[in-house]
Amino acid sequence: MNLIENLKWRYAAKAYSNIKVAEEKVDQILEAINLSASSCGLQSYRVFVVSNPEIQKKLGTDSYNRQIESCSHLLVFAAFNDMTTTYIDDYMAMTEKQRGLDAGALSGFRNGLHSYFGSIDTEQKAIWASKQAYIALGTALIAAAELKVDATPIEGFNASIIDEVLGLKEKGLHSTVILTLGYRDSEKDYMAATKKVRLPLDEMITKVY
């Protein structure tokens, strides 16, 4: 399988070259993110794409991950701070329209969502939304590998700085995880030529049939 071979090829690049990733490939990764699995289909996060050295330098402040500054493109996965009834209503209306359904056809599902999210507090909603962003991150990593674009998932960043620079709080969002895209600098990256290490499948996987 090409997928498995591409996943064997990928690793978290530690140093990037100055070669830019073509916008066509970036757009394919972004489309894959948009098609990612999402609980209740609500897509409770947004993705910010940064490809500006000055802004990337600001976003990398207080982070030991220099890839933030040197990558071709930086993807910031920003999760919702809340899941509002208005958002649910609008999303259900969009779903009905796209599926050619009568208005209100999904009212039962909509009401169930209102009931569930009305029963948990804002912190729980934010945590739930953050977990959804991580599902999308996994999809992005696989898509990048398929396109032979190096990608590094990063949690080691100053969230308050990223939130401020990108104005996330005003948008009802908070930075959850980031992903750098680019091409590995094999001469500067000490991990580029090392063997990929993973547990044996029979230790990682338990089949219950």
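In this predicted model, the largest nonpolar core comprises 32 residues, and those with the most contacts inside it are Leu 42, Leu 74, Met 83, Phe 117, Ile 162, Leu 166 and Ile 178. At least two residues of this core come from each of strand E1 (45-50), strand E2 (73-80), helix H5 (85-98), helix H6 (107-118), helix H7 and strand E4 (173-182). The greatest contribution is that of E2, which gives five residues. Another core, of 22 residues, lies apart from this one and includes Ile 33, Ala 136, Leu 147 and Leu 179. In soluble globular proteins, nonpolar side chains tend to be buried together.

Two residues illustrate the surroundings in detail.

| Residue | Residues in contact |
|---|---|
| Ile 178 | Ile 68, Leu 74, Leu 75, Val 76, Thr 152, Pro 153, Ile 154, Phe 157, Ile 162 |
| Gln 67 | Ala 13, Lys 14, Tyr 16, Thr 152, Ile 154, Thr 180 |

Gln 67 lies in helix H4, which spans residues 67-70. Gln 67 counts as buried because its relative accessibility is 5%, and buried means under 20%.

The largest pocket has a volume of about 290 Å³. Its lining consists of Ile 4, Leu 7, Lys 8, Arg 10, Gly 138, Leu 141, Ile 142, Lys 196 and Arg 198. Helix H1 (2-9) and helix H7 (122-146) are the elements that give two or more residues to this lining. By residue type, the lining of the largest pocket divides into four nonpolar, one polar and four charged residues.

Note on methods. Residues are numbered from 1 along each chain as its sequence is written. This is a predicted model: local features need pLDDT of at least 70, side-chain atom pairs count only at pLDDT 80 or more; totals for chains, interfaces and linings use all residues. Side-chain values use heavy atoms; hydrogens and water are left out. On a 1 Å grid over the protein atoms alone, a cavity is a set of points where a 1.4 Å probe fits but cannot get out, and a pocket is an open set with protein on both sides within 12 Å along at least five of seven lines; lining residues have an atom within 4 Å of a point. Grid points are joined across faces, edges and corners, and a volume is the space filled by probe spheres set on the points. Helices (H or I, at least four residues) and strands (E, at least two) are DSSP runs, numbered from the N terminus. Ala, Val, Leu, Ile, Met, Phe, Trp, Tyr, Cys and Pro count as nonpolar, Asp, Glu, Lys and Arg as charged, and the others, Gly among them, as polar. A nonpolar core is a set of buried Ala, Val, Leu, Ile, Met, Phe, Trp, Tyr and Cys residues joined through side-chain atoms within 4.5 Å. Buried means under 20% relative accessible area, exposed over 50%, partly exposed in between (1.4 Å probe, protein chains only). Contact means heavy atoms within 4.5 Å. Lists of a residue's contacts leave out its neighbours within four places in sequence.
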